[in-house]
Amino acid sequence: MNKNYALNKVTKVKNIKEMLDIAVQEVGDKNAFEYKDKNKIICVTYKDFLQDINELGTALASIGMEDSHIAVIGENSYKWITIYLTVLKSRGVLVPIDRELSCNDIIKVLKHSDSEVLFYSERYEKWVKKIKQEVPEIKFFINLNSNEHNQISLSYDKLKKIGKELLEKQHTEYINIKSNENALKLLVYTSGTTGEPKGVMLTEHNLISVAYFGLQIADVEKRCLSILPYHHTYEAVAGILLQLHNHACICINDSIKNVLKNIQLFKPSCVYLVPAFAEVFYKNIWANAKKTGKDKLLKKMIPISNTLRKVGIDLRPILFKSVINAFGGKLKEIICGGAPLRPEIGKFFNDIGITFLNGYGITECSPLVSVNRVKFNDSSTVGVVLPCCKIKLENISSDGSGEVCVKGDIVMKGYYKDKEKTDKVLKDGWFNTEDFGYLNKKGQLVINGRKKNKIVLDNGENVYPEELENYCLGIDYIQEVVVKLAQSSNGKKNVICAEVFLNEEKVKELGITNAKEKLQEDINLICKDLPLYKKITKIEIRKNEFEKTTTNKIKR
């Protein structure tokens, strides 16, 4: 666990077409996808998946849309994935739209992205007439759920059937398309926690590089449950493209509320999560252990198990069987990224026998920059930088942290139709992530926090709120927290403030009568070893949850 090791051998591919062709040649009859349709589980082989893509692509070519900007909005589904890969394999550009956007925001994205086709699920049917009026540039609306074409929209199913018939008549325009791997391929509008969304331009080479180089350092299991929204690059690239190149079986989670049910149903060996989900899983395990009276036993067994592992005896599958069974019984690996993580969460899962690999990414880097490795794993870091990348630090502070800049095959072309913003963050091929961090002595990347979130105190000291938030989340009745700068009670100076949303059920269970007083006491305790300037001296308790992005990150 203390030393890095040789890279994994991975088949090199030039483009999406080659990646899929190799998969069909090598594992054509293996399941590429499994998903629920009513009460049935549908299985799709790699061979059938490629056939579905070719049918849809042929249909799009027949209406002259094989080179177009094609937008898609809807819940995670197999159809969404077919659209995604169909466009990536063409000369067109995919524009995935955040499924939680308002109608007006969807219209803004469609206009700015120059989209000519919109695939949409039934949920958005009510907005189609307005979108059609506001965005006349869209030539085709394609409904994922209807069976027939109508005056407003085409039917996905019928369109695909037309493509199948054309393929049978030897229409091979789509199949024979050659794409430019350095041209714009995926246009992603960021759902950032601060500021206005920007259109991030990613190329086919960017996407293939994440799949190829990501597999070189990550030992990824071959049966995963696909949970996170598909419009988010973490799931779309690391969760789908990387796993397709890994020849894995991707099980599709139909709804966030059904995650645990689907883990039990599909029994994945791997899941991709963001820290907010990992935090929920972690707290639920301890809450259930306490309800069943097993929490004290669990606390005792972890250090005993760790001691035995040091002498080569691994009893985790036996000692923690009940916990692992709660996750389907087959879960071996959690790959986590997208926001800062409390190191104790990663350590806990590793301790009980579920390998927890913390990583780091940003949409502008396609999105994967670094990830921990199975045999070189430290949850207080975000792991090893991809072999195709270089890292440098700018504006280094007194604590050795600097703004992390990335150069390499994963870095975006720029922001769509926005040279000013592009030039601000992209210089001589170096992308400034605006995240603060450093490389430790072992070469693992450590991220402290966002530049925009950094608090500069009156005495010039820098405080990263993410660090303090992670300490606060260790208090089990805190559900959400944002650390910020605020005025002291007398208004004479700036102080560090924690704005929290409490888990009321947990507060009652613990018999807390004065929440604010208890909270200050517990926060003082967890921060007791921190420097004086990092102390949280003000607390605000809010009545409602914070507004969040669709990946459950709090909007600051």
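Colleague: Which helix does threonine 58 lie in?

Modeller: In this predicted model, threonine 58 lies in helix α2, which covers residues 46-62.

Colleague: And is threonine 58 buried or exposed?

Modeller: Threonine 58 counts as buried, because its relative accessibility is 3% and the cut-off for buried is under 20%.

Colleague: What does threonine 58 touch, leaving out residues up to four places away in sequence?

Modeller: With those left out, threonine 58 touches Gly163, Leu166, Leu167, His171 and Tyr174.

Colleague: How are the axes of α2 and α6 placed?

Modeller: The axes of α2 and helix α6, which is made of residues 156-168, come within 7 Å and cross at roughly 95°. That angle makes α2 roughly perpendicular to α6, because angles of 65 to 115 degrees count that way.

Colleague: Which residues make that contact?

Modeller: On the α2 side the residues include Asp52, Leu56 and Thr58, while on the α6 side they include Tyr156, Gly163 and Leu167. The residues of this contact divide into seven nonpolar, five polar and four charged.

Colleague: Changing topic, where is threonine 82 found?

Modeller: Threonine 82 is found in helix α3, residues 78-88, and it counts as buried, with a relative accessibility of 0%.

Colleague: Which side chain does threonine 82 join in a polar contact?

Modeller: The side chain of threonine 82 is joined to that of tyrosine 156 by a polar contact of 2.7 Å. Not counting residues up to four places away in sequence, threonine 82 touches Tyr156 as well as Phe49, Asp52, Ile53 and Leu56.

Colleague: How many aromatic pairs does the structure hold?

Modeller: The structure holds 17 aromatic pairs. In one of them, the rings of phenylalanine 49 and tyrosine 78 have centres 6.1 Å apart and planes at 55°, so this pair is tilted.

Colleague: Why does that pair tie together parts that are 29 residues apart in sequence?

Modeller: It does so because phenylalanine 49 lies in helix α2 whereas tyrosine 78 lies in helix α3. Both phenylalanine 49 and tyrosine 78 are buried.

Colleague: What about tyrosine 212 and phenylalanine 213, how are their planes arranged?

Modeller: Tyrosine 212 and phenylalanine 213 form an edge-to-face pair, with 4.8 Å from centre to centre and 70° between the planes. Tyrosine 212 is buried, with a relative accessible area of 13%, and phenylalanine 213 also counts as buried, at 15% relative accessibility.

Colleague: Which residues do ring pairs link into a cluster?

Modeller: Ring pairs link Phe281, Tyr282, Trp286, Phe327, Phe348, Phe349 and Phe356 into a cluster.

Key. Residues numbered from 1 in each chain as written. Predicted model: local features only at pLDDT ≥ 70, side-chain atom pairs only at ≥ 80, totals over all residues. Heavy atoms only, no water. Helix = DSSP H or I, 4+ residues; strand = E, 2+ residues; numbered from the N terminus. Buried < 20%, exposed > 50% of the residue type's maximum accessible area, 1.4 Å probe, protein only. Polar contact = N/O pair within 3.5 Å; in protein donor to acceptor, adjacent residues only side chain to side chain. Contact = heavy atoms within 4.5 Å. Axes fitted to C-alpha atoms, helices over the stretch in contact; angles between N-to-C directions. Parallel < 35°, antiparallel > 145°, perpendicular 65-115°, else oblique. Nonpolar A, V, L, I, M, F, W, Y, C, P; charged D, E, K, R; others polar. Phe/Tyr/Trp six-rings, centres within 6.5 Å; stacked < 30°, edge-to-face > 60°.
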